[in-house]
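Me: I've got a protein model open and I'd like to learn how to read it. Could you walk me through it, feature by feature?

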Amino acid sequence: MSLSKDAIAAPFISVEEDENGVLQKIEFKNDENFNFAYDVVDQMAKKHPDKVAMLHVSKTGKERTFTFYDMSRYSSKVANYLQYLGIKKGDRVMLVLKRHYQFWFALLALHKIGAVAIPATNLLLKSDFEYRFKNGEVDAVLCTADGQVSKEIDKACRTYKGMKAKIMVGASRKGWHSFNKEVKYFSSHFRRPRGEHAIHGDDPAIMFFTSGTTSYPKITTHNFKYPLGHYVTAKYWHQVDPDGIHFAISDTGWGKALWGKIYGQWLCEATIFTYDFDDFDAKEILRMIEKYKITTFCAPPTVYRVLVHMKLDRYDLSSLQNVTTAGEALNPEIYEKFKAKTGLTLMEGFGQTETTLTIGNLVGTTPRPGSMGIPTPQYDVQIMLPDGSLAGPNEEGEVVICTENSIPDGLFMGYYNDETKTDAAWYDGYYHTGDTAYYDEDGYFWYVGRVDDVIKSSGYRIGPFEIENEIMKLPYVLECAVTAVPDPIRGQAIKASIVLTDTVAASDKLKSEIMKSLKDNIASYKWPKILDFTKELPKTISGKIRRKEIRDHDEHETVNG
């Protein structure tokens with residue numbers, strides 16, 4: 001079975017399925033100049049102008065419906081606006097827009113120009129932006145008017161002189177362009193660049209900042225073919241319905257948003273639902289599913305850990321056809337409890353900022369509680385042993401992707417301006433994910449953990465180095481190590497083990513002082529839940545801190561609250 005000739009994705013994707021609808025093979029074609037904004041959104045606007053692309057609900061409850069025609073027209077207006085402000089092909093533009101509908105306009109506009117979009121969370125502070133602006137060589141920023149984030153950007157810009165434009169969405173302030181006031185004056189027609197200005201499939205389109213472990217965050221770069229890689233994500237994992245509505249929880253500041261809030265879903269001609277909330281409220285999410293008859297839903301395991309403790313029979317969830325989860329390992333007991341309460345099977349998936357869906361419980365397969373599923377045909381996934389040989393069944397090793405024969409659409413280009421880190425992760429024909437797992441006799445993969453020390457808490461991936469760096473700035477801290485401890489709700493919580501100098505004594509007052517400093521200088525999702533004063537940290541013979549030893553000691557500890 002293959003895509004129908006009328007499918008919007010048909011010119012670019014060819015698939016083969018077995019008699020049960022299980023994906024056997026996928027090939028990408030005609031992708032040399034693929035551009036999602038022109039080849040999917042604008043084409044959908046021509047073929048199905050009245051089809052709803054997104055149903056958006058603001059935090060105040062205001063509903064907005066955007067058709068593909070609307071998305072095409074508004075993105076062209078924004079493209080003209082950004083070009084007027086000096087944004088051109090290859091420029092790097094940061095989008096700090098939460099779940100505002102303007103994010104979709106801006107992302108598509110940047111695709112139309114050929115500029116590079118850099119999604120970022122509104123939780124970042126001055127030091128976060130300073131690092132990202134400098135290392136990402138950011139040319140412009142579109143930022144929400146909500147909260148204090150624009151002020152943090154202003155602080156960062158005092159030492160960064162490369163910013164062409166600062167654009168505020170939702171309000172206006174001195175030193176910022178007003179998106180809402182200014183964009184309306186621009187044309188809704190934007191001509192696709194041709195000739196020397198043409199945008200090619202291999203040109204950079206998206207940059208994500210990853211979580212650092214022994215260094216600051218790396219910058220993952222994807223090209224314009226990246227959206228095609230998400231066809232499998234949406235069609236065979238989310239199992240979106242072209243006549244249904246898909247709801248993914250993720251904020252647009254994280255890579256997961258592009259997994260579930262635009263690319264694959266629109267390639268499959270499905271409607272996306274966006275709820276622009278500030279604080280997660282499980283009851284409100286359930287009400288949204290009930291009210292808007294959501295058909296497919298995706299959220300990190302943290303959300304399901306909350307949901308299984310609720311009285312779900314009070315909500316009409318009958319519209320749900322498929323539910324998915326990714327971002328961290330799913331506990332088998334959560335899988336079982338959710339199925340017992342709803343009758344729905346949680347379809348777990350695995351991937352990274354550097355990839356699209358790599359391993360998953362796909363349509364037509366039988367999920368096994370606790371398993372990530374099976375590799376998608378899109379990627380040649382293997383398990384590699386420490387000696388570089390490939391593992392057999394039940395042998396634990398690193399998850400790697402073989403690229404010796406071809407590089408699939410969806411796999412990143414490399415780390416921006418960092419050949420050393422790119423070469424450290426991608427060499428000898430394999431991309432090394434840094435995650436460890438094993439597969440059983442039937443080919444199902446089972447997650448074990450990270451090769452490095454990234455912490456996964458409430459769906460966020462958090463590198464310890466940035467937190468440790470802030471703690472080490474305190475004059476009475478001799479050394480510290482940031483690790484994860486099990487948490488029944490968050491999956492993992494952050495613990496900071498601190499060795500003090502002889503000039504100060506451990507106390508609750510000192511803990512409060514340290515926490516105040518951290519809250520003033522790092523984003524809230526990086527705040528430690530536990531501060532532990534200790535006389536020394538475990539180390540290797542060469543003097544390196546053994547974080548694994550700390551984690552092993554805390555393995556059976558659980559954070560409450």
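What follows is a chat about the sheet, a helix, the cores and some single residues.

Me: Before we start, what should I know about the model and the numbering?

Reply: This is a predicted model, so local features need pLDDT of at least 70 and side-chain atom pairs count only at pLDDT 80 or more, while totals for chains, interfaces and linings use all residues. Residues are numbered from 1 along each chain as its sequence is written, and side-chain values use heavy atoms, with hydrogens and water left out.

Me: Let's take the sheet. What is the strand order in the open sheet of nine strands?

Reply: Helices (H or I, at least four residues) and strands (E, at least two) are DSSP runs, numbered from the N terminus. Two strands pair if DSSP finds at least two bridges between them. Here the order is β4-β3-β13-β12-β14-β15-β16-β17-β18, with mixed pairing. β4 and β18 (374–375) are the edge strands, each pairing on one side only.

Me: Which way do the side chains of β15 point?

Reply: In β15 (residues 322–325), N322 and T324 point one way, and V323 and T325 the other. All four are buried, where buried means under 20% relative accessible area, exposed over 50%, and partly exposed in between (1.4 Å probe, protein chains only).

Me: What handedness do the β-α-β units around β15 have?

Reply: A crossover is right-handed if, with the strands pointing away from the viewer, the path from the first strand over the helix to the second runs clockwise. β14, helix α11 (residues 301–307) and β15 form a right-handed unit. β15, helix α12 (residues 332–342) and β16 form a right-handed one as well.

Me: Now a helix. Which residues of α10 are buried?

Reply: The general idea: an α-helix has 3.6 residues a turn, so residues three or four places apart point the same way. In α10 (residues 282–292), the buried ones are A282, I285, L286, M288, I289 and Y292. Seen down the axis of α10, they fall within an arc of 155° (taken from the directions from the helix axis to the C-beta atoms), so they line one face of the helix. Their cover includes β3 (52–57), β4 (63–67), β12 (245–248), β13 (271–275), β14 and α11.

Me: Are E269 and N417 buried or exposed?

Reply: E269 is buried, at a relative accessible area of 15%, whereas N417 is exposed, at 57%.

Me: Which residues of the largest nonpolar core touch the most other members?

Reply: A nonpolar core is a set of buried Ala, Val, Leu, Ile, Met, Phe, Trp, Tyr and Cys residues joined through side-chain atoms within 4.5 Å. The largest one has 81 residues, and I13, F36, M71, L82, L95, Y231 and W266 touch the most other members. Helix α3 (residues 102–113) supplies the largest share, nine residues. Apart from this core lies another, of 47 residues, including V96, V116, A523 and F533.

Me: Last one: what is I498 in contact with?

Reply: Contact means heavy atoms within 4.5 Å. I498 lies in strand β28 (residues 491–500) and is buried, with a relative accessible area of 0%. Leaving aside neighbours within four places in sequence, its contacts include I471, V477, C480, L531 and F533.
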